[in-house]
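The sequence and the structure are shown first, and the description follows.

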Amino acid sequence: TGAVLSEHNARTPRAIASTTKIMTALLAVEQGDPDAVVTVSWNAANQPGTSVYLRSGEQRTLRELLYGLMLVSGNDAAVAIAEHLAGSEEAFAQRMNWRAAELGAHDTYFVTSSGLDDWVDPYSTAEDLAIISLAGLHNPLFRSYMYPPQWTIPGPFGNRLLTNSNLFVLRYPGATGVKNGWTDKAGYTLVASAWRDGREVLLVLLGAESRSGLYSEAYSLMDHGFVLADQSWLLK
């Protein structure tokens, strides 16, 4: 419903790391054809950080790149998607910002499709990231890419096994998504969703100091979220 059950510093601008890819995936399912064939550029194939290990000149469907984007947080997949849809990552970032503004996420500024922030300073807030993620959760195509524990896509030298890096999805009962991330600037970040007793709760957690602390806090907060949802007059 978008009803806010609890918040803390929700409108403080922060780096958000790979939770950026939520907007990349949302635009891809809204504007792209999942069966379209994407040719991976040298630029995309040589992105630093987490990777699907795409090769320059390799051809993959947009659907395959979306699994690489959301399950293993492939920065190469993010840039390949951006270049396919908008011609360049810079032009795609403009689309990301337009869509964020359209959704009402007015304290958000995207620079990259991946969330890499070594040389730039993108930002968002927990509130804005919840708004963007809620739009994704209302899209069945978006949902299909975020929760499988594993997925297999082809590669030049055999199949690639993609294992979901989001421990919340793998370990929390009823988890449905969404996306985790990390950079030095952002710390550990997570957007999490889960389903229980006919209700879905969404959680945004930014700036954790450790990976273990992020997930421990997320499990506890999500449990608390369901308690609040049951008690909330807003939802009655």
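## Arginine 143 and glutamate 200

Arginine 143 has a relative accessible area of 23% and is therefore partly exposed, a class that lies between buried (under 20% relative accessible area) and exposed (over 50%), as computed with a 1.4 Å probe on protein chains only. Glutamate 200 is likewise described as partly exposed, with a value of 25%. The side chains of glutamate 200 and arginine 143 form a salt bridge with an N to O distance of 2.4 Å. Glutamate 200 belongs to strand S7 (residues 199-208) and arginine 143 to helix H7 (residues 140-144), so that the pair links distant parts of the chain, 57 residues apart.

A salt bridge here is a side-chain nitrogen of Lys or Arg within 4 Å of a carboxyl oxygen of Asp or Glu. Helices (H or I, at least four residues) and strands (E, at least two) are DSSP runs, numbered from the N terminus.

## Basis of the model

The model is predicted: local features need pLDDT of at least 70 and side-chain atom pairs count only at pLDDT 80 or more, while totals for chains, interfaces and linings use all residues. Residues are numbered from 1 along each chain as its sequence is written, and side-chain values use heavy atoms, with hydrogens and water left out.

## Further salt bridges

Side chains of opposite charge can pair when their charged atoms come close. The count of salt bridges comes to 12. One of them joins lysine 185 to aspartate 121, at 2.8 Å from N to O. This pair links distant parts of the chain, 64 residues apart: lysine 185 is in the loop between strand S5 (175-183) and strand S6 (187-196), and aspartate 121 is in the loop between helix H5 (89-103) and helix H6 (126-137). Lysine 185 is partly exposed at 40%, whereas aspartate 121 counts as exposed at 55%.

Aspartate 230 and arginine 199 also form a salt bridge, their closest N and O atoms being 3.2 Å apart. Because aspartate 230 lies in helix H9 (residues 211-231) and arginine 199 in strand S7, the pair ties together parts that are 31 residues apart in sequence. Aspartate 230 is partly exposed at 48%, and arginine 199 is partly exposed at 26%.

## Helix H1

Helix H1 (residues 21-31) is largely enclosed by the rest of the structure, because nine of its 11 residues are buried. Among these buried residues are Lys21, Ile22, Met23 and Val29.
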